[in-house]
Structure formats: C-alpha cells, structure tokens
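Thanks for coming. Please look at the model first.

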Amino acid sequence: MSDYQAFILSNRQHSLPGALSETTPGTRLEVKKESALSAIEADRSRIVQCSPVRRLQQKTQVFPLDVKASVRSRLTHSLEVKETGRQLALQVLADMDEVVDKQAFVSLVEMACLLHDVGNPPFGHFGEVVMIDWLRTQLPSLFAQAVGQGSRQWPMLLADLQQFEGNAQSLRLLHSLQGLNLTLSQLAALQKYVRGAYQRQGQAQDGKKRPWQQKPGHYFSERPLVQEIRALFPSTTRGRYPLAFLMEAADDMAYGVADLEDAVDRGVLSLVELELAISRDGNDYLQACWRQAKAAEPGFFSRFRQTLNDDLLVLVSEQYLVHQAAILDGSHDQPLLAVEQAPAQALQWLKDFAHRQVFNHREVEALELAGFSALKGILGAFAPLLALPESEFTSLGRRQDAEGLLLRRLYHRLPPRHLAAYQRDSQHALLFEQAAEREWYFRVRLLLDFVSGMTDTYVLEEYRLLCGFQD
C-alpha cells in the first residue's frame, strides 16, 4: 500500500449510519462509502463557491484599501499561490516513486493554497497585532464583569482567547462557521501550525516540544476536530500533515516577488532602487536572474518571477522527496525552503528587502493607522456586549430601556450565521468544565468571528456608522 493512501481519505467529521458520533472527541470515523478522489473533488466545489474566498477580494495583501486593479488583493495573491502549489505538486509527483492518486494529491495542495489566507483579519498581519493587543488588555476586566471568578480551566481559555492567528481562524471559519464539512484530509492540509492557542509555545498535548509551534494553528473551540484529525492521521500528533509543506512553500514563492512588483506599480519603490540594492547585496544567483529578465524591457517582473520560480520548483521538489520519509512520519521540522542554496537564499533576500523597504513605507503605515483606529473602535463599541452577564445578554431582545435598546442594536449588527454558531456552541460544546465560562468564551468568539471576517472597506464603513458619520 502506498504511504499516501493513509493520508488521502474521504473521511469527514459528521454522523453517518453506523459511524461514530461527531461529538465523540479523539475517535476515528468510519470511511464514507465514496472514493477519496470524489470526496476531494466535492471539496473543490464547496471551497470555490464559499463566501470567505470571495471576501478575499477586498482584503489587504500589501496596500490596504487599494482601488487599483493591478495591485494584488488577498484573493489575487491566493490564486497565485494556488497555481504555484499546483506546479509544485506536479513537480513532486513527476519525480516520485510512490503510487499516488495524483488528481487528489494536486487538488489537496491547490485548495489548501487557495484557503491559506481566508482567516486573516482586515488589514492583514497588522490587523492581527491590533486585535491581539485589544484582547490582552480588555478581556480580563470584561470577564470579571460578566462572569466573575474563573475556574481552574479559565487561565487556559483566556490564553486561547487572547491570541489571534489567521491560520487558526481559517480552520474555525471553514468548519465551525461555514459548515463546509470538508474532508479531514483537506482540513489537515490547511494547518500550517500544530499548537493549540490554549497551549504554551513549544508545548504539545503530551508536554513534549514539537516543531511548527511558533504560532497557534487552532483554537480550543476546534480542539475536538483536531483530535479527530490526529486520530485519523497519527503523524500529525508529532508534526504537520505532509502536503502542508507544499502549501507553505507555494505561499513563500508567490509573495517573494509579488510584493515588490506591487510596490513598484504603486510608486513606493523604483526598479532602479531595487536593482541597486540587488547589485550591492544580492547573491550572484539573484543578480544573474535580474540580468536575464532584462529590466529595461516590458514584462520584466513576469520574466524575473518565472526565472526564479523555475529553479525554486525543482529545489522544493528535491527537498520534499529527500525528506519524504520524515515528512510522512511527522518528524521533519524545517520548511522546504530553509536551505542554504542560491535560489532559496535569493528568495529570502527579496522577502527581507520587501519588509524593510515596502511594509515600513510611510504610505503603507498611514493606511494601517486608519485600520488601527477602525478596528480598535469597532472592538471597543461592541465590548459592552461582553460585559453583560449571560442572562442579560440573552434577554437583549426584550429590553426596552435606553441602554438595552443601544445594546440590542449592536447585537443586531452580528451576522445570523455567527449568532447561530454561538447559540449552538455556547450550550453544547465539549471539553468545557463550567457552563458560564463556555458561554462567555463563545460570546468572545462571536465578536472575533464578526470582526475578523470583515473586509478592509467594511471595517471603515462600520466604524463610520458607529461614530455617527454614516452618509
């Protein structure tokens, strides 16, 4: 049997005749009576048509709130990552001795690439920092007002709520909010990090240090799902699902050149400045790529990117196959591009240069400041909903006093889909020791799901409305 047959499966997390209940954590589900390929093809249809993918068109890649069609949004970036992932998967398969369902293999990589950013909040990684700062400063006092004294489990739950990471939110968004019911293979391929937000950095569930724990990959709310993924794919208790390595490499390859291209298109950076920097600090390989692409002629960036990517495709495929045994058993602990080879070093130089010269540019920072004010303002406006005791929060529909009417209007701003998830999970979610803490945990998740799902433009519109400036 091919090793990949154990990773490319049709299993989903839901109840089936003769299968174990979805509410039983850490248990292996009975395989559905369909092929892995047909199940994964069904995933493609659900993914491409889902609203989180559509919302990426109005979320930041580098330049927030940009109306210029040539500059990348998260959607156009994700489409580029998807194509790069497809090329990587095909390159790996061409050199692989294993018998693999090639169509399913490629689809899993492609869809993981398309989905890799769906959980990112408005204003990208800057938005993550803003939300984390607000959560760490505000949640303790809000909990004290709403619930009072916490149980022995509460410090862990609070630590979980005070972290926000786009990869963890992607898993929550697709499974718990959108209810796409994707195969566990597809959800596992999406997980870039393996640590729960409720765990200390470097700590796995067995207390041992594991790779891929720099950031949280899931929240406590999705812990039962992750337990099922790990029961189905035991190597993911030690490391990543194998195809997540290709998703990560595709993302790195796609934005390495693209962010610089957008900066030149916006006039934040000139080709002359980039060329001078490469001639001064770039390695010989990068300088040769630059000369070969002929910067003075039209279509330069397309040629430059292709020259670099052709070599990176071969390098990533070689690294994947060299380390394939360790990747399959969960013990490989380095990204595929973390090698001292000229193409990988050239890509890293380009990414570092973009961070120094583009992300810290005055124009980008000015746009992020607008996002900072809007995000903090929205979170602050909705904070009174978190300060209410559960009985008052659930009775907002009946309150007629002035404060109750205001809070009820805030409550009505929350999406029905998110409210339904709150009502379900605040009563029935597993692994919580105290009902009051479970309810408040999912009330916070309700607000975070709402705010993180906003597009950049929607954040500003909502902030203007809350400030009384709506036209």
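How much accessible surface does the chain have, and what share of it belongs to carbon and sulfur atoms? The accessible surface comes to about 19700 Å², and 51% of that belongs to carbon and sulfur atoms. Areas here come from the Shrake-Rupley method with a 1.4 Å probe, and for residues only the protein chains shown count as cover.

A word on conventions. This is a predicted model, in which local features need pLDDT of at least 70 and side-chain atom pairs count only at pLDDT 80 or more, while totals for chains, interfaces and linings use all residues. Residues are numbered from 1 along each chain as its sequence is written, and side-chain values use heavy atoms, with hydrogens and water left out.

Now the overall fold. The chain has 21 helices and 2 strands; these are DSSP runs numbered from the N terminus, helices being H or I of at least four residues and strands E of at least two. The radius of gyration is 23 Å, close to the 23 Å that the globule rule gives for 471 residues, so the chain is as compact as a globular protein of that length. That radius is taken over C-alpha atoms, and the rule is 2.2 Å times the number of residues to the power 0.38. Along the principal axes, the C-alpha atoms fill a box of roughly 70 × 55 × 40 Å.

Of the 471 residues, 56% count as buried, where buried means under 20% relative accessible area, exposed over 50%, and partly exposed in between, with a 1.4 Å probe and protein chains only. A contact means heavy atoms within 4.5 Å. Among contacts between residues at least 6 apart in sequence, 75% join residues at least 24 apart.

Next, the interior. In soluble globular proteins, nonpolar side chains tend to be buried together. A nonpolar core here is a set of buried Ala, Val, Leu, Ile, Met, Phe, Trp, Tyr and Cys residues joined through side-chain atoms within 4.5 Å. The largest one has 92 residues, and Ile8, Phe105 and Phe304 have the most contacts inside it. Leaving aside neighbours within four places in sequence, the contacts of Phe105 include Tyr4, Ile8, Met96 and Leu246. A second, separate core has 51 residues, among them Leu135, Phe164, Leu388 and Phe432.

Which residues does Glu222 touch, not counting those up to four places away in sequence? They are Leu171, Arg172 and Ser176. Glu222 sits in the loop between strand 2 (216-218) and helix 9 (223-232), and at 1% relative accessibility it counts as buried. Glu222 and Leu171 are 51 residues apart in sequence and 7.8 Å apart in space, C-alpha to C-alpha.

The loop between helix 7 (166-177) and helix 8 (184-190) holds Gln178, which is buried at 13% relative accessible area. Beyond four places in sequence, Gln178 is in contact with Ser51, Pro52, Arg55, Leu173 and Arg417. Asn181 is also placed in the loop between helix 7 and helix 8. Its phi is near 55°, a positive value in a residue other than glycine, and at 18% relative accessibility Asn181 counts as buried.

Last, is Leu431 buried or partly exposed? At 32% relative accessibility, Leu431 counts as partly exposed. Leu431 lies in the loop between helix 19 (416-428) and helix 20 (435-452) and has a positive phi of about 80°, although it is not a glycine.
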